[in-house]
Amino acid sequence: MRFPVLRAAVRRRVSIHYRVDPDVSANLLPLPFRPRLVRGSAIVGVCLTRFAQFRTRLVPSFLGMAAEDAVHWIAAEWDSLEVPQAGTFILRRDTSSRLFALAG
């Protein structure tokens with residue numbers, strides 16, 4: 001399945017990071033994930049983004065959509081067959097756009 005090429009302008013992005021007790025964040029993560037620790041603390045955050053002119057490449061920018069999004073995340077680690085992996089586990093995603101919510 002081919003997905004359409006999408007374009008957007010990011011009008012604002014604010015990323016807020018917190019240090020959290022590892023036991024608290026571990027309770028929020030499903031298996032096989034565990035909190036990634038930095039100097040003994042887990043790192044969690046919220047990223048707030050405002051998108052404008054969101055559209056496919058065939059649609060002119062003035063017809064694009066706008067949306068405010070919030071993503072709540074935890075820095076996580078998990079084991080793979082080769083080496084341990086690190087990434088971000090998304091706890092929750094909120095959006096002001098019904099279309100964005102449907103698209104996931």
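1. In this predicted model, D69 and R93 form a salt bridge, with 3.0 Å between the closest N and O atoms. D69 belongs to strand β5 and R93 to strand β6 (residues 84-95), so the contact ties together parts that are 24 residues apart in sequence.

2. R93, at 37% relative accessibility, counts as partly exposed.

3. A salt bridge also joins the side chains of R50 and E68, at 3.7 Å from N to O. R50 sits in strand β4 and E68 in strand β5 (residues 65-79), so this pair ties together parts that are 18 residues apart in sequence. R50 is partly exposed at 27% relative accessibility, and E68 is partly exposed with a relative accessible area of 32%.

4. R92 and D94 make a salt bridge whose closest N and O atoms are 3.0 Å apart. D94 counts as partly exposed, at 27% relative accessibility.

5. A network of salt bridges links R34, R36, E77 and D79. Over the whole structure, the search finds seven salt bridges.

6. R39 deserves a separate entry. This residue is found in the loop between β3 (37-38) and β4 (41-56). With 83% relative accessibility, R39 counts as exposed, the class that requires over 50%. The C-alpha atoms of R39 and R19 lie 9.6 Å apart in space, while the two residues are 20 residues apart in sequence.

Technical notes:
Residues are numbered from 1 along each chain as its sequence is written. This is a predicted model: local features need pLDDT of at least 70, side-chain atom pairs count only at pLDDT 80 or more; totals for chains, interfaces and linings use all residues. Side-chain values use heavy atoms; hydrogens and water are left out. Helices (H or I, at least four residues) and strands (E, at least two) are DSSP runs, numbered from the N terminus. Buried means under 20% relative accessible area, exposed over 50%, partly exposed in between (1.4 Å probe, protein chains only). A salt bridge is a side-chain nitrogen of Lys or Arg within 4 Å of a carboxyl oxygen of Asp or Glu.
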